[in-house]
Amino acid sequence: MARFSFRLPDIGEGISEAEIVAWHVAIGDRVEEDGRLADMMTDKATVEMESPVAGTVVELAGEPGDQVAIGATLVVIETEGEVVQPAAPERVEAENPGVEEAVNPPRHGEGDQPQAGGGGAPLDAPSAVVPQAAAPLHRPADGPPPRERGGALASPAVRARAADLGIDLSAVHHDGHHIRHADLDAYLRYGGAQGYHTPNASRARPDETVKVIGMRRRIAENMAAAKRHIPHFTYVEEIDVTALEAMRADLNAARGQRAKLTMLPLLIVAICRTLPDFPMLNARYDDEAGVVTRFGRVHLGMAAQTDAGLMVPVIRDAQDMNPWQLAGEITRLAEAARTGKAKSEELSGGTITITSLGPLGGIATTPVINRPEVAIIGPNRIVERPVFRARVGGGEEIVKAKLMNLSISCDHRVVDGHDAASYVQALKRLIETPVLLFAD
């Protein structure tokens with residue numbers, strides 16, 4: 001018998017440590033060669049670790065949420081024969097240490113052996129904490145029916161109500177031979193014979209403690225850093241999308257085998273067409289170096305909700321795509337994000353972001369900037385309302401229009417309010433005259 005220490009390999013350029021997201025084995029489990037050991041997260045990409053040998057797991061380097069350094073022991077496996085222990089990989093230092101100021105918890109596994117707290121003993125297998133349900137405050141629903149006080153009678157409806165409320169009819173004071181609903185009301189109103197009343201079943205749910213790890217912790221750290229470093233301001237404008245919606249319906253009617261268009265691809269086309277005149281918005285700000293980089297290409301981040309939390313896959317060179325190409329890329333990236341198959345390069349390098357809640361968009365939003373970008377655009381819900389329109393030949397008339405509020409949040413260190421307002425007004429003119437989307 002021999003022990004094989006599986007050290008965390010270098011799983012990403014510039015990565016010095018990774019977070020344990022989930023274990024697929026526990027101490028005492030048998031693992032085969034190439035069997036799954038753990039899911040490790042680097043930045044926003046999750047990497048699955050596989051065992052290079054077969055054997056029995058005897059040590060694990062921490063619990064989900066712990067950080068493990070590159071080259072540190074992740075799993076110790078007891079094998080049946082001698083195995084060659086590979087050299088520890090070189091530790092890769094982060095390219096930009098100190099850019100993110102979010103505080104990480106103490107690291108486990110900095111040395112060759114797994115650490116637990118301050119000692120060097122092997123770690124126990126991770127265990128799940130299950131919230132303990134509160135003890136019932138009433139008799140079971142299938143228990144004996146409420147007794148009648150002194151042979152007093154009660155109608156089936158009164159008995160059923162008393163059973164639902166967990167009231168023992170023998171404790172209900174009443175005048176006359178029958179217990180009535182009014183007697184139950186008096187019992188409830190005055191707290192019963194014992195001065196209180198316990199309902200049959202509580203609607204309260206047990207408390208739950210959820211450890212913030214993996215993607216949820218990365219989101220928390222990134223959002224906290226964005227709000228801590230960036231002085232946000234938000235500008236909201238109302239846009240008439242009646243003509244754009246009519247054009248979208250016409251395009252879908254003649255789409256043939258192409259994907260059905262939503263509003264989002266058309267909005268992205270409008271965003272890309274207006275950005276060249278406002279380069280300060282399609283930019284990234286390195287606040288440590290004091291440098292703003294304005295980009296000629298639009299690598300548009302698209303906020304996507306997943307079971308693990310909010311992810312931002314990036315549509316590369318969005319300025320060169322037509323609405324149907326954008327629709328296809330939106331579908332592909334959203335599916336990759338939801339299934340956890342998005343590549344690291346598909347989750348980084350954005351120059352500006354759009355975030356949309358679709359029908360849940362609300363009246364207005366104040367989106368948080370995806371640092372180090374300097375702007376994020378948030379279309380809101382489309383509603384139909386009456387508006388005044390100029391009538392041909394003079395005068396005005398009231399017509400039904402489809403209106404949408406458009407929000408933009410900007411980094412006030414590099415974007416002035418006048419710039420943001422001017423950009424949204426240019427975007428509004430293009431959206432309200434959608435034929436210009438297809439004009440050269």
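Which residue takes a positive phi in the hairpin of β12 and β13? In that hairpin, which has four residues between the strands, Gly-290 takes a positive phi near 70°.

The model is predicted, and local features need pLDDT of at least 70, side-chain atom pairs count only at pLDDT 80 or more, and totals for chains, interfaces and linings use all residues. Residues are numbered from 1 along each chain as its sequence is written, and side-chain values use heavy atoms, with hydrogens and water left out.

**Overall composition**

- The secondary structure of the protein comprises seven helices and 20 strands; helices (H or I, at least four residues) and strands (E, at least two) are DSSP runs, numbered from the N terminus.
- Of the 440 residues in the protein, 41% are buried, where buried means under 20% relative accessible area, exposed over 50%, and partly exposed in between (1.4 Å probe, protein chains only).
- Among the contacts in the protein with a separation of 6 or more, 64% are between residues 24 or more positions apart; a contact means heavy atoms within 4.5 Å.

**Strands and their pairing**

- An open sheet is formed by four strands in the order β1-β8-β6-β3, with antiparallel pairing; two strands pair if DSSP finds at least two bridges between them.
- The edge strands of this sheet are β1 (2-7) and β3 (30-31), each of which pairs on one side only.
- Strands β6 (residues 55-60) and β8 (residues 73-79) run antiparallel and are joined by four bridges. Thr-56 has Glu-78 in β8 as its bridge partner.
- Strand β1 contains Arg-7, which is buried, with a relative accessible area of 19%. The C-alpha atoms of Arg-7 and Thr-73 are separated by 4.2 Å, although these residues are 66 residues apart along the chain.
- Four bridges also link strand β12 (residues 283-286) with strand β13 (residues 291-294) in the antiparallel sense. Here Asp-286 stands opposite Val-291 in β13.

**The second largest pocket**

- Rolling a probe the size of a water molecule over the atoms shows where empty space is left.
- The second largest pocket holds about 850 Å³ of space. On a 1 Å grid over the protein atoms alone, where a 1.4 Å probe is used, a pocket is an open set of points with protein on both sides within 12 Å along at least five of seven lines, and lining residues have an atom within 4 Å of a point. Grid points are joined across faces, edges and corners, and a volume is the space filled by probe spheres set on the points.
- This pocket is lined by 35 residues, of which Leu-264, Thr-355, Ser-356, Leu-357 and Gly-358 are the closest to its centre.
- At least two lining residues come from each of α4 (242-253), α5 (263-274), β15 (304-306), α6 (323-338) and β19 (375-390).
- The lining has 20 nonpolar, ten polar and five charged residues. Ala, Val, Leu, Ile, Met, Phe, Trp, Tyr, Cys and Pro count as nonpolar, Asp, Glu, Lys and Arg as charged, and the others, Gly among them, as polar.

**Backbone features**

- Most residues other than glycine have a negative phi, and most peptide bonds are trans.
- Asp-34, which is not a glycine, has a positive phi of about 70°. Asp-34 is in the loop between β3 and β4 (36-42), and counts as exposed because its relative accessibility is 51%.
- Asp-317 also has a positive phi, near 50°, and lies in the loop between β17 (314-315) and α6.
- The peptide bond from Arg-371 to Pro-372 is cis, with omega near 10°. Pro-372 is in the loop between β18 (352-354) and β19.

- Asp-39 belongs to strand β4 and counts as buried because its relative accessibility is 16%. The side chains of Asp-39 and His-24 make a polar contact (3.1 Å); such a contact is a pair of N or O atoms within 3.5 Å, and within protein one must be able to donate a hydrogen and the other to accept it, while residues adjacent in sequence count only if both atoms are side-chain atoms.
- Beyond its neighbours within four places in sequence, Asp-39 is in contact with residues including Ile-20, Ala-22 and Val-47.
- Thr-274 is part of helix α5 and, at 7% relative accessibility, counts as buried. A polar atom of the Thr-274 side chain lies 2.9 Å from the backbone oxygen of Ala-270.
- Not counting residues up to four places away in sequence, Thr-274 touches Tyr-423, Ala-426, Leu-427 and Leu-430.
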